[in-house]
Amino acid sequence: MTDPNPAIPRSLFAFSIFYGGMVCIAGVLGNKQVALGPLAVEAGIFAFLLLVVTSSAVAELHGPRIATQLVRIGFVPLIASILLSIVVLAVPSSPQMDPARRDAFALMMGGTPRIWLGGIIAYGISQTLNVTIFSWLKGREGATLLWFRAALASILSQIVDTLLFVTIAFLGVFPIGELLLGQMLAKVVLSAILVPPLIYVFVTLGRRLDRG
């Protein structure tokens with residue numbers, strides 16, 4: 001008899017929790033721009049690359065359908081965190097709160113509807129594209145070249161992510177050509193360097209978790 005309530009694989013459970021956390025923290029980290037040699041990139045890219053690696057690992061271990069569902073469920077913490085930020089910013093600050101901390105919090109957590117909309121759209125399309133490309137390459141290459149499939153899917157999806165977010169959030173506000181090129185270059189380089197080793201770490205960890 002088939003169990004009507006099958007157990008969730010340990011790796012899927014663990015990666016889902018981790019994925020939700022990265023979705024929420026990415027926007028916060030994006031408030032800082034870091035210098036990596038000659039490249040300047042928003043620190044949120046590190047969380048986004050972990051999202052890419054996590055969804056690719058889930059696709060490798062549990063198939064593209066489950067990975068796509070993970071991406072869709074990621075909209076829940078993303079949108080909830082935005083709405084909660086709006087509510088908290090709207091609530092009056094305590095008179096006892098240090099003014100410098102109050103102003104810093106408002107500056108860091110504040111945003112415009114275009115920025116929030118751009119983040120939501122860029123997240124959904126780029127993460128879905130990552131899973132689609134990764135899975136399509138697996139269909140062509142089989143279980144080999146894991147590092148190549150993950151890196152290429154990450155590079156292409158991050159280019160799309162940058163194009164969508166920057167255009168939606170800032171087109172017409174200021175010239176975006178330089179920003180687009182700089183962010184794309186930085187994300188391509190980081191994807192090529194960080195994603196190949198990370199995907200092996202995540203897939204290996206997932207398999208060990210599933211073995212119990």
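Trainee: At what angle do helix H1 and helix H8 pack, and how far apart are their axes?

Mentor: Helix H1 (residues 10-29) meets helix H8 (residues 177-211) at an angle of about 130°, and the axes are 7 Å apart. Keep in mind that this is a predicted model, where local features need pLDDT of at least 70 and side-chain atom pairs count only at pLDDT 80 or more, while totals for chains, interfaces and linings use all residues. Residues are numbered from 1 along each chain as its sequence is written, and side-chain values use heavy atoms, with hydrogens and water left out.

Trainee: What makes H1 oblique to H8?

Mentor: Angles under 35 degrees count as roughly parallel, over 145 as roughly antiparallel, 65 to 115 as roughly perpendicular, and the rest as oblique. The H1-H8 angle is about 130°, so H1 is oblique to H8. The angle is taken between N-to-C directions, from 0 to 180 degrees, using lines fitted to C-alpha atoms, for helices over the stretch in contact. As for the helices themselves, they are DSSP runs (H or I, at least four residues; strands are E, at least two), numbered from the N terminus.

Trainee: Which residues make the contact between H1 and H8?

Mentor: Arg-10, Ser-11, Ala-14, Phe-15 and Phe-18 on the H1 side, with Phe-202, Leu-205, Gly-206, Leu-209 and Asp-210 on the H8 side. Contact here means heavy atoms within 4.5 Å.

Trainee: And why is H3 called roughly parallel to H4?

Mentor: The axes of helix H3 (residues 64-73) and H4 cross at roughly 10° and come within 4 Å. That angle makes H3 roughly parallel to H4. Val-71, Arg-72 and Ile-73 of H3 meet Phe-75, Val-76 and Pro-77 of H4 there.

Trainee: Which residues form the nonpolar patch on the surface?

Mentor: Leu-84, Val-87, Val-88, Leu-89, Val-91, Met-97, Phe-105 and Met-108, with about 640 Å² of accessible area together. A patch takes residues with over 30% relative accessible area and no salt bridge, joining nonpolar side chains (Val, Leu, Ile, Met, Phe, Trp, Tyr) within 5 Å and like charges within 9 Å. The areas come from the Shrake-Rupley method with a 1.4 Å probe, and for residues only the protein chains shown count as cover.

Trainee: Which helix gives the most to the nonpolar patch?

Mentor: H4, with four residues. Helix H4 (75-90) and helix H5 (99-109) each supply at least two.

Trainee: What makes Lys-138 and Glu-60 a salt bridge?

Mentor: The term asks for a side-chain nitrogen of Lys or Arg within 4 Å of a carboxyl oxygen of Asp or Glu. The closest N and O atoms of Lys-138 and Glu-60 are 3.6 Å apart, and the pair qualifies. Lys-138 sits in helix H6 (residues 113-141) and Glu-60 in helix H2, so the bridge ties together parts 78 residues apart in sequence. Glu-60, at 10%, is buried, whereas Lys-138, at 26%, is partly exposed. Together with Arg-149, these two are linked in a network of salt bridges.

Trainee: How many salt bridges does the structure hold?

Mentor: Four. Among them is Asp-161 with Lys-187, the closest N and O atoms being 3.3 Å apart. Asp-161 lies in helix H7 and Lys-187 in helix H8, so that pair ties together parts 26 residues apart in sequence. Both residues are buried.

Trainee: Why is Thr-162 called buried?

Mentor: Its relative accessible area is 2%, so Thr-162 is buried. Thr-162 is in helix H7 (residues 146-170), and, not counting residues up to four places away in sequence, it touches Thr-167, Leu-180, Gln-183, Met-184 and Lys-187.

Trainee: And how do you know that Ser-191 is buried?

Mentor: Ser-191 has a relative accessible area of 0%, which makes it buried. This H8 residue has contacts beyond four places in sequence that include Leu-49, Ala-151 and Ser-154.

Note on methods
Buried < 20%, exposed > 50% of the residue type's maximum accessible area, 1.4 Å probe, protein only.
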